[in-house]
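Visitor: I'd like a close look at a single part of this model. Could you pick one element and walk me through what surrounds it?

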Amino acid sequence: AVVSTQSTGEEEARKILEEEKLKKEAAERARLEEEERLRLEAEEKERLEKELAERLRLEAEEKARLEEEERLRKEAEEKAKLEEEERLRKEEEEKAKLEEEERLKKDVEEKARLEEEERLKKEEEERARLEEEERLKREAEEQAKLEEEARLQKEAEEKAKLEEEERLKKEAEEKAKLEEEERLKLQAEEKARLEEEERLRLEAEEKARLEEEERLRLEAEEKARLEEEERLRLEAEEKARLEEEER
């Protein structure tokens with residue numbers, strides 16, 4: 001009966017320990033699953049924020065590009081407008097010049113009797129006309145030179161813009177690469193930390209289990225020793241009683 005009671009107590013103790021162990025394992029699993037869920041949510045939030053920032057950056061770049069194209073288009077239209085006005089002015093001047101020459105020609109034919117002063121006057125007018133043509137020629141050459149310089153400057157600016165865009169693209173790619181490496185590093189460190197915590201927890205539980213088993217064994221041994229001592233005492237008392245009765 002004593003052995004049966006002892007076995008039942010030990011079985012009950014083992015069941016309690018096993019249930020406690022299962023509860024702890026379930027709680028730990030739930031905690032780890034919650035941590036994993038929170039980590040995944042944080043990563044998803046970070047990814048969405050990065051995508052939003054990238055989209056906003058691309059939209060800003062597209063807006064700036066369209067504004068720059070609109071500015072260049074307006075400048076080109078203004079330049080074309082000015083060139084057309086200049087062409088019409090030159091045509092008007094040329095027309096006026098031809099009309100003046102025709103008038104002078106008719107005047108010469110009509111006024112053959114003009115004196116030397118009229119001839120000198122016409123020579124002076126001819127010289128002024130040639131000077132005006134020379135001036136217009138120089139202005140046209142200067143205009144062509146300025147237009148060529150503007151074209152070269154525009155090409156240089158476009159080249160610099162493309163080079164800057166390429167540099168920014170490379171910087172963005174390098175930054176993304178470094179951020180991904182850092183994320184993977186942190187992820188590996190977090191995994192190693194969780195594995196180390198799990199190992200230490202299992203070691204602690206194993207140590208506690210062994211200590212509990214040792215305590216129960218010592219208690220059982222102590223209980224058996226006391227029961228044996230009680231049995232021997234009762235036997236000794238019974239023996240002494242019988243001897244006393246015999247005597």
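Predicted model: local features only at pLDDT ≥ 70, side-chain atom pairs only at ≥ 80, totals over all residues.

Guide: Happy to. Helix 2 runs over residues 116-246, and at 1.5 Å a residue its 131 residues should span 195 Å; the C-alpha atoms at its ends lie 192 Å apart, which agrees.

Let's turn to burial along the helix. The buried residues of helix 2 are Arg201, Glu205, Glu212 and Ala220. Take Arg201: its relative accessible area is 17%, and because buried means under 20%, Arg201 falls in that class. The side chain of Arg201 also makes a polar contact of 2.4 Å with the side chain of Glu205, another buried residue of helix 2.

The largest pocket has a volume of about 580 Å³. Its lining comprises 18 residues, and Glu54, Arg57, Glu61, Leu168 and Ala172 are the closest to its centre. Helix 2 gives the largest share of this lining, 10 residues, while helix 1 (2-110) supplies at least two. Sorted by class, the lining of the largest pocket holds 13 charged, five nonpolar and no polar residues.

Of the 19 residues lining the second largest pocket, Leu17, Glu18, Arg209, Glu212 and Glu213 lie nearest its centre. Helix 1 and helix 2 are the elements that each give two or more residues to this lining, with 10 residues, the largest share, coming from helix 2. By class, the second largest pocket is lined by 13 charged, six nonpolar and no polar residues.

Methods: Residues numbered from 1 in each chain as written. Heavy atoms only, no water. Helix = DSSP H or I, 4+ residues; strand = E, 2+ residues; numbered from the N terminus. Expected span 1.5 Å × (residues − 1). Buried < 20%, exposed > 50% of the residue type's maximum accessible area, 1.4 Å probe, protein only. Polar contact = N/O pair within 3.5 Å; in protein donor to acceptor, adjacent residues only side chain to side chain. 1 Å grid on protein atoms, 1.4 Å probe; cavity = no way out; pocket = protein on both sides within 12 Å on 5 of 7 lines; lining within 4 Å. Points joined across faces, edges and corners; volume = space filled by probe spheres on them. Nonpolar A, V, L, I, M, F, W, Y, C, P; charged D, E, K, R; others polar.
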